[in-house]
Amino acid sequence: MFMRGRRGAGTNPTQMNVASRTRAPWHSPLIAACVLCFWIIYYGYCIFPGLGGMLNAGDSAKFQTLGHTSILVHGPGYPLILMLGSAVRTLSLPWEPWWVMTFLMASVPGAVANTMTFLIVGRLTRSVVFGLAAAMLLGSAGLMAVQSTEAEVYPLALAFILSTGFLLLRFIETKQQGYFITACGVYALSFGNHLMMIMMVPVFLWVTAAHFRILLRPKTIVTVLLLIMAGASQYLYLAWVTHMPTTAYSEYLPLPPTTSDLLSYIAGTYFSDLYGSGLASTQTTEVLLNTLSFAHPRLSAPIIIAGILAFASGWWRRDAGWTGPALILGIGLAFMPFILWYGAYDIRAFHLPVLGPLLIGSIGAVGWFLARWPKARLSVGMILLAFGVLRAGEMAGYLSAREPVFDGLVETLEVIVPQSPVDNPVVSMTYDMRMATLYHELLNEVPQPASYRVTWRTADEIAKRDPVGGLVVPTDGGQFLQWIEYRHPNLFCRTRPVEQQTGTRWPAYGFLCEERAFPLAPD
Amino acid sequence: MQPRMQLKRFMVWPRRRIVGIIGAVLAFAAAIGTGGYFVGPALIPGKLVQTQLNEQIGRWTGGEYRLGDNTKIAVAPGFRVIVSDPAFVSVADETARPIMTADSIVAPLRIVPLLFGRIEIANLVLLHPGIDLRGQAGDFVENVNPQAQSATPAGQRRPPSAVTLINGTVRFDGATGVDEISGLDLRLASDVSSDADAIQGGLIVGGRHLKVDLLLDDLAALVSDAGTRGSVNLRIGPRYDGEQDDVATSDGGMSYETTDILQQLSGVIGQSRYRFGSMAAEGTFSITLHSVDISDATFSLGGMEMNGHLRAEADDRQAISRLLGVPDLMSVAIVSATEMGAGHWVDTPVDMTWLNGLDLDVEMFGEDMAFGNSVLDAAAMSLVVGDGTATLDLAGTTEGLGDVAAELVLDYADSEGVVMAASGRVDDVSVDKLTQIFAAIGPPPLIGTAQFPEGTMNGAFDLNANGHTLGQLVDSLEGSATTRLTDGSLAGTDLVATLETLFRGREFMTEEDGPLIPAAGRTQFDQLDARIDFASGAANVSGVHIAGEGFGINMLGDVELVEGRMNVGGHAVLLSLPGMEVVAGDTLVDLPFGVGGTVFAPVVAAGVPTVTAQVDAYAED
């Protein structure tokens, strides 16, 4: 029903099959392979130099640790990333584990997402130039380029989103169930990376409703259900990891966990305070608009607006193939409620699933709108492609200028830990620093014995110690000692100065707690 | 009949004979020409040529200099005068060191006057001239007597022939021995139409390449106290004459991180890697041995046009050489400043000795000037340097951004180094616009811009410091700064919403509950007062009070300035919630917090909250 356009530039399914047999350049596997190779090399070359990253240093360092040791990360668990880490450890490649992890979990998926962009936009616009331009513009967009070169999970999420989008696009064009079932398979697999993929369900419902005569058949339904179960079974792997003795570290989940612990871990209840808080102010909206307009300063916001207008006008006229841009733009919009609802202060990291489809959907819609003027389409495509190439060059400069954030961390610990007031100190750290320390700790590169803990996980260690003492790094204005005295009213804590090299990034202080002669009455 | 017959005879001459005659005439002419070209010059008396040369030199130098007596002069074929190893000596004291020597002078003679027996020099081309302004020879400027020329009515004197200097050098007494200007390619000529003297060309000073375009009503009057009206356009850029290493070192650190403003400033003094900076001035110019004066002038700098004057006086060296050294000194300062992040900034020397013996008086004022991305409605700048003291006064008003006035006084004493006193105040400054300008410092945002605090700021500062390096200056910083922000907001965190979650019983700092993750948003406040006292290398943050609807924040602590270590503590207090009655003195939540780490990476840590209106959620049982 969607392909019954009265006029416009689209082709009907039969023509398209002919086109695919004659290999039109806009879906040439060779060009697609070149796009993939280009972005793999580009991101590989520009990878953030070292542990962490500029976006979320702690989480990135934690994912990078998977490159040499099995650990559990934060909820919902990311079983697919755990499997990837397991594969990296099995292969034991001759490169630094942090580099291999970043490359495989972010750079390669980023390149795949850009390749899917070429295929999607090439197909929407019937123009290889537009396809290449969209791939260049997505790949060099600020947030995309940064996340594809740091150990982040969103390039993989975007690769899944765009692969699913491409398969659904093929299904809408050809009405072949195979595409829909494959899309369901890819979609189910994507839940092993990130649970925010749930936001795409309305898109599937829309496609199913529009094609219910084809899709609502027992065989199809059973296959899809089996695929969903296969996707969900990734969380069985997660459960298995929690019970493995080789799992060296778990941050949020006591090991081995009870079933209810595991379920609440997967559900991400740890962050439940933030659920819905994004709606309390305009903050999340402001930051999202900022991300969209700074993907390409002075270009991305206008092109998204132009794309939506082009789509609206084409849709109004019932141009053939309006479902294509509708699908891709719809995927972007589907993720938007989550972004606005989740009130994390680092919400920008979550923006890629909105930015990616909106940007390429808009470029696709512009090209689709211009299809009836082939010369205009070619010129606009060339201009966008030229901009994308220049921007990729500029972005490579920016990416290469990032500086490591944890250089000298081990050296700092080697200086301060021996100055602890007690043997085997409790070392209270910020989250980012703790995660970077974890990477080195599991490689036995940090001074021992010492219990390195993130500040809010020190309570058990403090309770075990006698005398209670250790280090706080970086300094915290003395708040840690207040917490110890609050939880242990019989203790009285003092700070001890720690000598450090000049210019340190992580000033520290030591502390020692003694029994009070006259314990305070508890509050 | 006779003539006609002859004509007839002539007409019946065979064509071959005519061709033969024409050929013979041409051959004769060629022989005469060639002979004249090669032999003629030998007939020109060298004495006459030397007189002519000296006359031209005298015209340009006010009659004070001429060629040395034993100069070898030859007239080469083509009537080109070649002077080998020329030396220009003082007419008054021929035994003194020559003011200028050169590899050779090439001076073509004008052919037409030559036919009438007059020797006139078309122009003078000096190859590799070396101008020596050291010591007594530096009296060049004083020797020149402008009246000698000015006495001649302008209309009657023939303009002197043009002088071209190719790849020359100028040596003069510098701060450390002898300074040198090299790569001097200049052309001095009289503009016939405007009767003005024009100097055009380029020269190399230190690491910079200067292109000069000078137009003066009266060149000779330039070197007098009275001066002359004129205009100058100086363009300064990096030197590209194969000495790329120089460019690399002097431009070190000037990568894209440099701020827009710094780039603009550095572009003006030719710091930019790619283009020449441009400075233009129009006014009355006067250069004497010890002073440079530009008065009643309009200066154009990087798109800004300002009126004012510039006067520099130096008692020991040529004032102009001191001024030419300024771009290099500034580029050194900028390179030092851009290295701040690398941790070397502490050792960056602060030196004013180069100002010794230099009296400088610069005053500029202008209106509606574009600077960076903003427009200055009015700005005034005054810089007075003398007796080892530099005083810089700045005042500016920008619509929407506010008023700024500041004074900086720098004194130099050997024992204490540079003694600095700075004071000033800001009024009605928009904090969000100001922070946006500061945010332009550093790399462009890769993934989006940070959100900025908002508010209207009024404040004042009064600071004193002394030292030999930037680090010593910061260590010795004393004084205070006070500021008040009204109707503003802090970006990033919604403090009220965060405190509210504590009021509702949220727990944190346990293994199950994790840290206190602040709610995203902005914290609107009515008033923020802060006082910072500087003493012995630390900033003492005292009396920070923030008051807003239903909440308050107090803070105090220290920030170590050189290392940037912070040790600040405070309390955030929730007084009421929307819809609740406010009881004076009642607090719902009191959250102590600390700020540690460094100013480059501050760590904000939440302390043990006291929730009074509810059962204490943090009790052990």
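This is a predicted model: local features need pLDDT of at least 70, side-chain atom pairs count only at pLDDT 80 or more; totals for chains, interfaces and linings use all residues.
Biologist: Which residues of H19(A) are called buried?
Modeller: A residue is buried if 20 or more other C-beta atoms lie within 10 Å of its own. In H19(A), that holds for Arg377(A), Val380(A), Gly381(A), Leu384(A), Leu385(A), Gly388(A), Arg391(A), Ala392(A), Met395(A) and Leu399(A).

Biologist: What covers the buried residues of H19(A)?
Modeller: The cover includes H5, helix H6 (128-139), helix H7 (142-147) and helix H18 (352-369) of chain A. Take one residue, Ala133(A). Beyond its neighbours within four places in sequence, Ala133(A) is in contact with Ile363(A), Gly381(A), Leu384(A), Leu385(A) and Gly388(A).

Biologist: Which residues touch the most other members of the largest nonpolar core?
Modeller: That core has 206 residues. Ile120(A), Ala133(A), Ala134(A), Leu359(A) and Ile363(A) touch the most other members. Helix H5 (residues 97-125) of chain A contributes the largest share, 17 residues. A second core, of 32 residues, is separate; Leu53(B), Ala102(B), Leu124(B) and Leu203(B) are among its members.

Biologist: Why are E4 and E6 of chain A said to stand at the edges?
Modeller: Five strands of chain A form an open, mixed sheet in the order E4-E3-E5-E7-E6. Strand E4 (451-454) and strand E6 (491-497) of chain A have a single partner strand each, so one side of each lacks a neighbour in the sheet. From one strand to the next, the twist averages 25 degrees.

Biologist: What makes E6(A) and strand E7 (residues 509-515) of chain A a pair?
Modeller: Pairing needs at least two bridges. E6(A) and E7(A) have seven, in the antiparallel sense. Thr495(A) stands opposite Phe511(A) in E7(A). Helix H23 (residues 479-487) of chain A packs on the sheet and touches E3, E5, E6 and E7 of chain A. The direction of H23(A) makes about 160 degrees with that of E6(A).

Biologist: How many residues of chain B are in contact with chain A?
Modeller: Contact means C-beta atoms within 7 Å. By that test, 46 residues of chain B meet 41 residues of chain A. E28(B) gives the most to this side of chain B, with six residues. By class, the side of chain B that touches chain A has 22 nonpolar, 17 polar and seven charged residues.

Notes: Residues are numbered from 1 along each chain as its sequence is written. Chains are lettered from A and ligands numbered from 1 in the order in which they are written. Helices (H or I, at least four residues) and strands (E, at least two) are DSSP runs, numbered from the N terminus. Axes are lines fitted to C-alpha atoms, for helices over the stretch in contact, and angles run from 0 to 180 degrees between N-to-C directions. Two residues are in contact if their C-beta atoms, placed from the backbone, lie within 7 Å. A nonpolar core is a set of buried Ala, Val, Leu, Ile, Met, Phe, Trp, Tyr and Cys residues joined through C-beta atoms within 7 Å. A residue is buried if 20 or more other C-beta atoms lie within 10 Å of its own, exposed if 12 or fewer, and partly exposed in between; C-beta atoms are placed from the backbone. Ala, Val, Leu, Ile, Met, Phe, Trp, Tyr, Cys and Pro count as nonpolar, Asp, Glu, Lys and Arg as charged, and the others, Gly among them, as polar.
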